[in-house]
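Here are my comments on the model, arranged as numbered points. Please read them alongside the coordinates.

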Amino acid sequence: MIPIKNTEAIKRMRESCLIAATVLARLKEQVRPGITTYDLDQIGRDLIASFGARSACYGYQLHAQRYPAYTCLSVNEEVVHGIGSLKRILRDGDIISLDVVIEYNGYIGDNAITVPVGAIAPQTAKLLEITESALRIGIQQALPGNRIGDISNAIQTFVESHGFSVVRDMVGHGVGCAMHEEPQIPNFGRRNTGEKIKAGMTLAIEPMVNFGRFEVKTLPDGWTIVTRDGSPSAHFEHTVLTTDSVPEILTILPTPF
Ligand code: MF3
Ligand code: CO
């Protein structure tokens, strides 16, 4: 069963997601050639602390080793869960995925973007553009009466029509008091399958798109996921609230008119 959030839970989700979005936006401003991913992670840690929030990544346990960093920073062929390192110096032409997951007042906000470092190749820019569009197209399917598979299928169809591939081994997810709640939201699948969407669900939709083939592997650090073929990969993620009509993106900053 997918949890349905009540008014209080939605209020808290709004707050945690606003913090997650603000931290992500400020972290993005720090991306430049010459900075190490360790330094970016430290900046992320300080930003999260400045809001009185907690990194939901730090110490997160999926297997034997706990996640050792405050944010997930994945460069080029790294798909997700990259660990900031003093050895990884960003260079002109790289891309970096920034994934910020925070907990505030008992609720989690989860969002990610992939950004260029300096000037990137046109085909890499296209990968970023298609992945971000895939996220929007997936979100547009988060409608009451639709099923989870409608989100998955929309993302896969769009991405593959542009010649890129969707990662199979990692999926989007429900999010609330825990980082990973029901349901799983794959970025591939068939229409009209999976659980029915209802108002009040909070979902983290997160296409991970590879320039080349879809296969990935885990590095010996136990966390970093990379493409098997070494091609670059992009990742965009929002936490959204389903409603009686169109979904509301919670991890977005209010824009001045
Ligand atoms: N957005 C990622 C996810 O939903 C964040 C994982 S944090 C980590 O899986 F702790 F696993 F690193
Ligand atoms: Co997520």
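1. Throughout this note, buried means under 20% relative accessible area, exposed over 50%, and partly exposed in between, with a 1.4 Å probe and protein chains only. By that criterion glutamate 237 is buried, because its relative accessible area is 1%, and aspartate 110 counts as buried at 2% relative accessibility.

2. This is a predicted model, in which local features need pLDDT of at least 70 and side-chain atom pairs count only at pLDDT 80 or more, while totals for chains, interfaces and linings use all residues. Residues are numbered from 1 along each chain as its sequence is written, chains are lettered from A and ligands numbered from 1 in the order in which they are written, and side-chain values use heavy atoms, with hydrogens and water left out.

3. The cobalt ion (ligand 2) is coordinated at 2.1 to 2.3 Å by Asp110 (OD), His173 (NE2), Glu206 (OE) and Glu237 (OE), where donors are N, O and S atoms within 2.8 Å of the metal (3.2 Å for Na, K and Ca) and, water not being among the atoms, sites may look incomplete. Along the chain these donors follow the spacing D-x62-H-x32-E-x30-E. Aspartate 110, in strand S5, and glutamate 237, in the loop between strand S13 (233–235) and strand S14 (238–241), are 127 residues apart, so that the pair links distant parts of the chain; helices (H or I, at least four residues) and strands (E, at least two) are DSSP runs, numbered from the N terminus.

4. The structure holds 3 aromatic pairs, a pair being rings of Phe, Tyr and Trp (its six-membered ring) with centres within 6.5 Å, stacked if the planes are under 30 degrees apart, edge-to-face if over 60, and tilted for the rest. Among them, tyrosine 58 and tyrosine 70 are stacked, because their ring centres are 4.5 Å apart and their planes at 5°. Phenylalanine 164 and phenylalanine 211, with centres 5.4 Å apart and planes at 45°, are therefore tilted. Phenylalanine 164 counts as buried at 8% relative accessibility, whereas phenylalanine 211 is partly exposed at 32%.

5. Arginine 45 lies over the face of tyrosine 70, at 5.8 Å from the ring centre, under the criterion that NZ of Lys or CZ of Arg is within 6 Å of the ring centre and within 35 degrees of the ring normal.

6. A search of the whole structure finds 0 disulfides, a disulfide being a pair of cysteine sulfur atoms within 2.5 Å. For cysteine 177 the nearest cysteine sulfur, that of cysteine 17, is 12 Å away.
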